[in-house]
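Reader: I'm new to this one. Can you take me through part of it?

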Amino acid sequence: RLSDYLVFWDMDNTLLTAKEGIPACNRSVIRLFTAMGGRFTVASGRPPESIRAALGDIELSLPAISCNGSLLYDFQTNRVLRRSCLNQEQAAAAIADMLQKFPKIGVEVMAGAGEMYVVHASSYTHAHQVDEHMESVACPLENVPDGWLKVVFAGDPETIRKAGQYAKTRYFGRDNYFLPTNQIYLEIMPSGISKAAGMEELCHILNENIKKTIVIGDYYNDLEIMKKAGYSVAVANAPSEVKAAANEVTNCDCTGGATQLRVSRLLNRDGVMLHAEMPSVQTALETLVELQESNGVITNGTAYYKAVCERERAGGTTAIGEGLAIPHACNAGVASLGLAALTLTRGLDWGAADGKLVDMIFTVAVPPDRQSDHLLILARLVNLLSDHRLTEKLRMADTREAFLRILNQTEGAISAEVR
């Protein structure tokens, strides 16, 4: 059951980009996942204020890991659950040393509940504030309040690379450590504090099994939490070391969300049946499974059929309204990603929330090693089928070739707009 799992999603360059925000398809994935009972939160270097601004109307179902683990923050109660602070004397010594070596580097200190204090401004600290919707206070280091959560050095990629190398040759004490979090950011964090430690503590607080966690990340500061998770996913834009640590690597990056996944390519002529007469939901599901078996998508139709039926019983109806249903399952009886489509001359009662009978059904079959694609395909389908003009054209299609052409052309047009 999806409700058994906790998903921790990194934000920058994974869930979103600072310039463009969260792609529409990623928003659909999250809404679909939570509507199906899944539990979702973020694990980010951002402070709570910035996380809230980026998510907009998306609600987290769990407390967030903020400031790379220095804060655990519950957005439902607007309360800090745990705060971990730097050794300020050691951090101040490190800042002074780095500024002497790299006088143009920007320096920020996050303190309290994630408030930002800019102690050495640069174009990169300014961009950080603008891109992540953060207010800040410009002040000398000695005026920053106590309770430092982390220090951020901001600069061009080459400066940050050199600063990271230089930091390895310096010693400022055992209570803090340096952490590269982006090509343009290098941070000082409290020793023993990280996204991974935050996830462990949240699992302890919530009495959850850490083996039931899924982490999606993209950079070196995600390595530890990805290794600690029950299952980990790296996005396509991640460095090779991060990809190597993941259980699975997506075939698209954060900028496209699921837009590079063309669901119309998962459906062919033999997987479509039009204007059929079905006496029951059970018969419709059996027919869809047979279509996918004939395509070679499913190797064990019985196992897949049972998984689909169990999903309908345990997870609630897969009817999404407006006469549409998308039954689906990730199962060992599936050989490859695939879809089947069925339109009916007479609708069936699928238990839809809007009370409408279902007369068009798509099934989604996903093998166990493609779990991350499961929700992406579902979200892509939901996005496509929310276009009433498309669904009416599909219902009126008189041949399988016409059905496929309409779906492919519509999806192609959407992909072209995104690019």
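This is a predicted model: local features need pLDDT of at least 70, side-chain atom pairs count only at pLDDT 80 or more; totals for chains, interfaces and linings use all residues.

Reader: Which residues of β1 are buried, and on which side is each?
Author: Leu-6 and Phe-8 are buried on one side of β1, and Val-7 and Trp-9 are buried on the other, so both faces are covered. Buried means under 20% relative accessible area, exposed over 50%, and partly exposed in between, with a 1.4 Å probe and protein chains only. Strands (E, at least two residues) and helices (H or I, at least four) are DSSP runs, numbered from the N terminus.

Reader: Why two sides in a strand?
Author: Because side chains in a regular strand alternate between the two faces of the sheet.

Reader: What does Phe-8 stand opposite in β2?
Author: Thr-41. Strands β1 and β2 (residues 39–42) pair in the parallel sense over 4 bridges; pairing requires at least two DSSP bridges between the strands.

Reader: And in β12, which residue is the bridge partner of Trp-9?
Author: Ile-216 is that partner. In β12, Phe-8 has Val-215 opposite.

Reader: Switching to β12, how many of its residues are buried?
Author: 5 of its 5, across residues 213–217.

Reader: Which residue of β13 is the bridge partner of Gly-217?
Author: Ala-234. From β12 the chain crosses through helix α7 (residues 223–228) to β13, a right-handed β-α-β crossover. Right-handed means that, with the strands pointing away from the viewer, the path from the first strand over the helix to the second runs clockwise.

Key: Residues are numbered from 1 along each chain as its sequence is written. Side-chain values use heavy atoms; hydrogens and water are left out.
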